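Colleague: I would like to go through this model one point at a time. Please put it up first.

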Amino acid sequence: MTEAFIGSVVLRSRALLAPMAGVSDRAYRELCMEHGAGYCVSEMVSSKALSFQSKKSEELMVISDIERPCGIQIFGDEPSCMADAAVHAMKNKPDIIDINMGCPAPKISGSGSGSALMRKPELVGEIVRAVTAVCDIPVTVKIRKGWDDGSVNAVEIAKICERAGAAAITVHGRTRMQYYKPPVDYDIIRQVRESVQIPVIANGDVDSAQKAKEVMERTGCALVMIGRASLGNPWLFEQINSYLSGEQPYFPTLEEKLDTMVKQVGKMVEYKGEYIAMRQARKLVVGYFKGMKGAASLRNEAGKLSTLDDIYKLRNRILNT
Ligand SMILES: Cc1cc2nc3c(=O)[nH]c(=O)nc-3n(C[C@H](O)[C@H](O)[C@H](O)COP(=O)(O)O)c2cc1C
């Protein structure tokens, strides 16, 4: 398979890990990259918080060599503040700076950032120009189909981003008002793909190797980005890679799944400390239980995890029943 690039950055494969606040932390990104993801992106980092030297935001930007190539995603609605944030983020030596123009959460879009930017095409251009002007690495933008069904403008926004210097665009084929549920519109992603020269990354509901190939064919995109379906299933990346190369996809055993769950939580504890890590792990480990016998009661048990030892105990109990 030919190599894929974003600007000058060579991707490890065509299946990329989506940025997910509260999920795609360093532990998770490392795991997915070890399992064949082509590229990963940090959780979104507030440009305003960076200007106040927020410790939490600094921590979100720590990148290790295992996860390269890795982008840092920033959000905000002021061009100069976004440019300052990009300069600040680059101290962590990311491979790419990604701009969030897709987040639907009221906390973000309510203040004019994330998906709300799609309602202000002029500002989109100003932000991308301001950020590309200060970056010596590729700048990418993650957008949605539009704000709502009455204002579908992904093609217009993508063209503006390209003209302003963006090196690639990720399109989540839903409007902001659709959040994450209704069917993804892959036709709009194809329209964006056909309207710009830079790489377009197709995003939304890719949950199997077959679906990845189907989405690539339908949209014409050489790259797909995967979020939720990778939760508890980092093997999805290598499955996609195998399938695209005409090889038989690999499916992990129960023991491998549980060992990977333990590994992920172990890394989280190492990077964030046990108290924070175990609270976050309660939500994250449930992905590993999908398809397991007694998944509902396992989810219940996960809600009570509080020490690293608890995750080892849970692993052993599942294996021995
Ligand atoms: C829990 C969660 C957190 C997310 N956080 C971000 C984020 O920080 N930045 C961003 O651009 N998108 C974020 N997204 C959107 C995902 O990157 C992706 O576009 C969306 O989940 C659709 O892809 P999927 O169907 O493969 O999950 C988030 C999604 C979820 C479910």
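Colleague: What is the relative accessible area of Asp309?
Modeller: This is a predicted model, in which local features need pLDDT of at least 70, side-chain atom pairs count only at pLDDT 80 or more, and totals for chains, interfaces and linings use all residues. Residues are numbered from 1 along each chain as its sequence is written, and side-chain values use heavy atoms, with hydrogens and water left out. Buried means under 20% relative accessible area, exposed means over 50%, and partly exposed is in between (1.4 Å probe, protein chains only). Asp309 counts as partly exposed because its relative accessible area is 42%.

Colleague: Which residue meets the side chain of Asp309 in a salt bridge?
Modeller: A salt bridge is a side-chain nitrogen of Lys or Arg within 4 Å of a carboxyl oxygen of Asp or Glu. With 3.2 Å from N to O, the salt-bridge partner of Asp309 is Lys313.

Colleague: Is Lys313 buried or exposed?
Modeller: The salt bridge joins Lys313 to Asp309. The relative accessibility of Lys313 is 51%, so Lys313 counts as exposed.

Colleague: How many residues apart are Glu30 and Lys267?
Modeller: The two side chains form a salt bridge at 2.4 Å, N to O, and both residues are buried. Arg26 joins Glu30 and Lys267 in a network of salt bridges. Glu30 is in helix 1 (residues 26-34) and Lys267 in helix 11 (residues 254-272), so this pair links distant parts of the chain, and the separation is 237 residues.

Colleague: Where is Asp77, the salt-bridge partner of Lys48?
Modeller: Lys48 and Asp77 meet at 3.5 Å, N to O. Lys48 is partly exposed, with a relative accessible area of 38%, while Asp77 counts as buried at 19%. The pair is 29 residues apart, with Lys48 in helix 2 (residues 47-51) and Asp77 in the loop between strand 6 (70-75) and helix 4 (79-90).

Colleague: How many salt bridges does the structure hold?
Modeller: The pairs discussed above include Glu30 with Lys267 and Lys48 with Asp77. The total for the structure is 19.

Colleague: Why is helix 6 described as roughly parallel to helix 7?
Modeller: Two packed helices are described by the angle between their axes and the distance between the axes. Axes are lines fitted to C-alpha atoms, for helices over the stretch in contact, and angles run from 0 to 180 degrees between N-to-C directions; under 35 degrees counts as roughly parallel, over 145 as roughly antiparallel, 65 to 115 as roughly perpendicular and the rest as oblique. The axes of helix 6 (residues 121-134) and helix 7 (residues 154-163) come within 9 Å and cross at roughly 30°. That angle makes the pair roughly parallel.

Colleague: Which residues of helix 7 make the contact with helix 6?
Modeller: Contact means heavy atoms within 4.5 Å. On the helix 6 side, the residues are Pro121, Val124, Gly125 and Val128. On the helix 7 side, they are Glu156, Ile157, Ile160 and Cys161.

Colleague: At what angle do helix 9 and helix 10 pack?
Modeller: Helix 9 is oblique to helix 10. Ala209, Gln210, Ala212, Lys213 and Met216 of helix 9 meet Leu236, Gln239, Ile240, Tyr243 and Leu244 of helix 10. The axes of helix 9 (residues 209-219) and helix 10 (residues 235-244) are 8 Å apart, and the packing angle is about 60°.

Colleague: What is the relative accessible area of Thr140?
Modeller: Thr140 is found in strand 8 (residues 139-146). Leaving aside residues up to four places away in sequence, Thr140 touches Ile6, Tyr39, Ile96, Ile97, Asp98, Ile99 and Ala168. Thr140 is buried, and its relative accessible area is 4%.

Terms used. Helix = DSSP H or I, 4+ residues; strand = E, 2+ residues; numbered from the N terminus.
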